[in-house]
Amino acid sequence: MNDDQLLRYSRHILLNEIGVEGQERLRDTHMLVIGAGGLGSPAAYYLTSAGVGTLTLVDGDNVDLTNLQRQILHTTERIGLPKTESGRIALAALNPEVRVVTVARRVDAAALDGLVADATVVLDCCDNFATRHAVNRACVSHRRPLVSGAAVRFDGQIASFDVRAAESPCYACLFPPGDGEDELCSVMGVFAPVTGIVGTIQAAEALKFAAGAGTSLTGRLLMLDALTMQWHSVRVPRDPDCPVCAAR
Ligand SMILES: [Zn+2]
């Protein structure tokens, strides 16, 4: 690292759990962020400020006035731009050292397979179950850690899945495919800061995976009720009959 990098990341380097080595691991990381909306915005901001090497941002939508209440990557003047381009502008202003790759379309299973194969850690910040399950299948197939988040109304959920560990469940162990309230997330109300809280925790989990710091949420589902500001977590066991990961 050069002098500017040592200064930029000094508050990470001061942490025993990260240090110069952990910061260099972050620099060597390729984060894949699926969705540049309410969850993807804070997640991408923190991954970028923290100095990951490459961040691929995937989203097929354009910035809309209804997004701005919570999707903090975007601005009033960028309404109409692809969210990936708006995000790229915001992230480049924050930390030009991070290589930001944009994929301005909704991705299918085939596209996800390639994107996940190239990534070190995957953050699912999308708003529909079809994509969530496709992301999970690719992460199981390529054995990539997955950090999944969701926010609706005043409720938030975060879970990590790391199928490199034998005991880890996958997303489909927790939410079996076909159980869907599909697409509901995109039309329900959501309290703006809940997306920020959940997306920020997703960034924390992803950075811990990349730096090799601490213990991840793997095997637990963390839930927030922001109306009462109560947190709780439940254990998520691996499903031996899971249609996605049982054969791994
Ligand atoms: Zn599974």
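Modeller: From α4, the residues making the contact (heavy atoms within 4.5 Å) are Ala 44, Tyr 45, Thr 48 and Ser 49, and from α5 they are Ala 90, Leu 91 and Leu 94. Keep in mind that this is a predicted model, where local features need pLDDT of at least 70, side-chain atom pairs need 80 or more, and totals for chains, interfaces and linings use all residues. Residues are numbered from 1 along each chain as its sequence is written, and side-chain values use heavy atoms, without hydrogens or water.

Let's stay with α4 and turn to Leu 47, which is found in that helix. Leu 47 has a relative accessible area of 0%, so this residue is buried (under 20%; exposed is over 50%, partly exposed in between, with a 1.4 Å probe and protein chains only). Leu 91 is 44 residues away from Leu 47 in sequence, and their C-alpha atoms are 9.5 Å apart. Setting aside neighbours within four places in sequence, Leu 47 touches Met 31, Val 33, Val 52, Leu 55, Leu 123, Ala 203, Ala 206 and Leu 207.

Leu 207 also takes part in another helix pairing: Gly 22, Arg 25 and Leu 26 of α3 meet Leu 207, Ala 210 and Ala 211 of α9. The axes of α3 (residues 19–27) and α9 come within 8 Å and cross at roughly 110°, so α3 and α9 are roughly perpendicular to each other.

Beyond its neighbours within four places in sequence, Glu 205 is in contact with Val 147, Ser 160, Thr 215, Ser 216 and Leu 217.

Now for the rings. The structure holds three aromatic pairs (ring centres within 6.5 Å; planes under 30 degrees apart are stacked, over 60 edge-to-face, the rest tilted). In one of them, Phe 154 and Phe 191 have ring centres 4.8 Å apart and planes at 35°, so the pair is tilted. Its partners are 37 residues apart and link distant parts of the chain: Phe 154 lies in the loop between β5 (146–152) and β6 (155–161), and Phe 191 in the loop between α8 (171–174) and α9 (192–211). Phe 154 is partly exposed, at 29% relative accessible area, and Phe 191 is partly exposed too, at 36%. Phe 161 and Tyr 171 form an edge-to-face pair, with 6.1 Å from centre to centre and 85° between the planes. Helices and strands here are DSSP runs, H or I of at least four residues and E of at least two, numbered from the N terminus.

Terms used
Rings of Phe, Tyr and Trp (its six-membered ring) pair if their centres lie within 6.5 Å; planes under 30 degrees apart count as stacked, over 60 as edge-to-face and the rest as tilted. Axes are lines fitted to C-alpha atoms, for helices over the stretch in contact, and angles run from 0 to 180 degrees between N-to-C directions. Angles under 35 degrees count as roughly parallel, over 145 as roughly antiparallel, 65 to 115 as roughly perpendicular and the rest as oblique.
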